[in-house]
Amino acid sequence: MSDQDSSSSSSSQTEGELDEETNGEVEKEEERDEKHRGSPTPSLSSFSSSLRAVIRIKQKYQAMKKRRQEMTLALNGAGTFTGAPVRTSPKIFTFDGVTPAAFSSLSSSAPQRKKKRRRKRVLFPNRGGCRSPPKQERSRAKYCLYLLFAIVFVQVYNAIENLDDHVLRYDLEGLEKTLRREVFGQQGAVEGLLAHLKDYLSTYVHNKPLVVSLHGPSGVGKSHLGRLLAGHFRSVVGETLVLQYYVLHHCPLEADAPRCARDLSTVISEMVERAEEEEKIPLFIFDEAEHMHDEILDALWQLVASKQSNEYLNAVYLFLSNLGHTHITKHMLHNSSSVSTAAQSRLVKELTPILRNTLEKLHQLWTEADILPLGLLEKSHVMECFLDEITREGFYPDHTNIERLAGEIEYYPAVGEHEYSQTGCKQVVAKVNLL
């Protein structure tokens with residue numbers, strides 16, 4: 001009885017293991033089928049994989065069934081009891097007679113399980129750590145560029161400061177106040193002269209010297225203007241860097257013209273070299289230039305026009321003469337109605353080309369010069385000259401006395417509202433001395 005119980009228990013265990021294995025295989029295959037059914041569009045590849053799985057399970061089941069029968073026969077051959085109830089095997093699911101079409105219909109009719117949603121994995125770089133936005137690498141060349149900008153800014157600022165210092169050295173604002181206060185009736189010429197000086201003295205490096213030629217009739221203030229410039233530059237650059245050259249005084253004889261030209265060239269060279277050492281610009285004033293001999297004009301033209309060393313390029317030459325005074329007189333008498341104090345700049349623009357055509361025929365030196373004409377003085381300007389001279393001499397500035405003295409001066413015939421003096425302010429000093 002014990003042998004029968006042991007055989008039945010062993011057979012039941014074998015059947016239970018077979019059922020568990022079969023059920024496990026079926027569940028695995030169902031999960032695979034559910035995966036394929038969960039896809040939006042089942043394909044031929046998924047169907048063939050399911051069919052292969054079914055065939056594989058069937059083969060495994062037949063092998064296990066055959067092994068179970070062999071074990072049952074072995075147990076029955078070893079010993080069985082007569083009259084023992086015949087054991088019937090449980091109904092087991094088999095795949096006999098199952099076709100792929102039936103399997104597909106069976107799988108479609110089975111309830112679908114809810115598919116678990118899996119969270120998407122966040123992939124990070126292999127470096128590890130949290131993902132961070134890429135950093136833009138800064139080029140080191142930017143710092144060099146910033147440094148270059150700073151250097152250029154400092155250089156430009158330093159150059160501007162040096163220019164200001166160079167201009168302030170010559171005190172052009174003080175010179176402008178002096179000329180406007182003591183030069184009467186020549187506002188256009190004064191403005192043109194100051195403009196040339198400001199442009200030239202604003203820097204120390206030049207490609208040519210500054211040459212200015214002032215032309216006008218007698219008594220209009222040419223020599224007075226030259227004296228004011230000489231006094232101002234002596235106060236700012238020194239006595240040794242200013243030369244006032246009077247032709248009738250330094251070289252009156254024509255026979256001495258070659259020697260005068262050599263001596264003048266030597267003096268100018270020495271002054272230019274001294275100015276170069278002191279980093280200053282010298283001033284050369286040539287009064288009564290209409291009396292200059294050709295040898296002196298040639299020597300000056302060589303210094304002005306020739307491409308010499310840099311120190312000869314840093315100099316100011318001022319020529320004062322009455323050349324072309326007839327053209328100035330005719331122009332002002334014929335256009336007296338349009339000439340006024342406010343129209344002095346226009347007078348300079350109109351007379352400059354006329355004087356240039358005349359002067360270039362006399363000598364080539366004038367081709368290198370900036371020409372500024374000085375116009376005739378009116379009666380009001382002559383009265384200002386008398387007032388200034390009387391004040392200097394210490395007399396009481398009586399308006400009646402000044403008007404009487406101004407009436408003793410000769411004038412051109414009045415044209416419109418203007419009355420021009422024939423001698424300008426030349427006789428003012430002599431008449432004041434008679435008081």
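# A chat about helices, disulfides and salt bridges

Visitor: Where is leucine 145 found?
Guide: Leucine 145 sits in helix H4, which covers residues 141–170. Helices here are DSSP runs of H or I with at least four residues, strands are E runs of at least two, and both are numbered from the N terminus.

Visitor: What sort of model is this?
Guide: This is a predicted model, where local features need pLDDT of at least 70, side-chain atom pairs count only at pLDDT 80 or more, and totals for chains, interfaces and linings use all residues. Residues are numbered from 1 along each chain as its sequence is written, and side-chain values use heavy atoms, with hydrogens and water left out.

Visitor: Back to leucine 145. How accessible is it?
Guide: Leucine 145 has 41% relative accessibility, so it counts as partly exposed. Buried means under 20% relative accessible area, exposed means over 50%, and partly exposed is in between (1.4 Å probe, protein chains only).

Visitor: Which residues make the nonpolar surface patch?
Guide: Tyr143, Leu145, Tyr146, Leu148, Phe149, Val152 and Val156 make that patch, and its area is about 720 Å². A patch takes residues with over 30% relative accessible area and no salt bridge, joining like charges within 9 Å and nonpolar side chains (Val, Leu, Ile, Met, Phe, Trp, Tyr) within 5 Å. The areas come from the Shrake-Rupley method with a 1.4 Å probe, and for residues only the protein chains shown count as cover.

Visitor: What about cysteine 144, buried or exposed?
Guide: Cysteine 144 has a relative accessible area of 55%, so it is exposed.

Visitor: How many disulfides are there in the whole structure?
Guide: The search finds 2. A disulfide is a pair of cysteine sulfur atoms within 2.5 Å. With the bonded cysteines numbered in sequence order, the pairing is 1-2, 3-4.

Visitor: How far apart are the sulfur atoms of cysteine 251 and cysteine 260?
Guide: They are 2.3 Å apart. The link is right-handed, with 95 degrees about the S-S bond. Cysteine 251 is buried at 2% relative accessible area, and cysteine 260 is buried at 4%.

Visitor: And cysteine 385 and cysteine 425, how far apart are their sulfur atoms?
Guide: Those sulfur atoms are 2.1 Å apart. The link between cysteine 385 and cysteine 425 is right-handed as well, with 75 degrees about the S-S bond. Cysteine 385 is buried at 12% relative accessibility, and cysteine 425 is buried at 16%.

Visitor: New topic. Which residues of helix H5 are buried?
Guide: In H5 (residues 172–182) they are Leu172, Leu175, Leu179 and Glu182. Seen down the helix axis, these buried residues fall within an arc of 110 degrees, so they line one face of H5. The arc is that of the directions from the helix axis to the C-beta atoms.

Visitor: Which exposed residues are on the face turned away from the buried side of H5?
Guide: That face carries Glu173 and Lys177.

Visitor: What does glutamate 176 form a salt bridge with?
Guide: Its partner is arginine 180, with the closest N and O atoms 3.2 Å apart. A salt bridge is a side-chain nitrogen of Lys or Arg within 4 Å of a carboxyl oxygen of Asp or Glu. Glutamate 176 and arginine 180 are 4 residues apart in helix H5, so about one helical turn separates them. Both are partly exposed: glutamate 176 at 21% and arginine 180 at 35%.

Visitor: How many salt bridges does the count come to?
Guide: The count comes to 14. One of them joins aspartate 256 and arginine 259, with the closest N and O atoms 3.7 Å apart. Salt bridges that share partners also join Glu176, Arg180, Glu191 and Lys198 into one network.

Visitor: What is phi of aspartate 171 near?
Guide: Phi of aspartate 171 is near 50 degrees, a positive value in a residue other than glycine. Most residues other than glycine have a negative phi. Aspartate 171 lies in the loop between H4 and H5.

Visitor: Last one: how many helices and strands does the chain have?
Guide: The chain has 15 helices and 5 strands. Of its 435 residues, 35% are buried.
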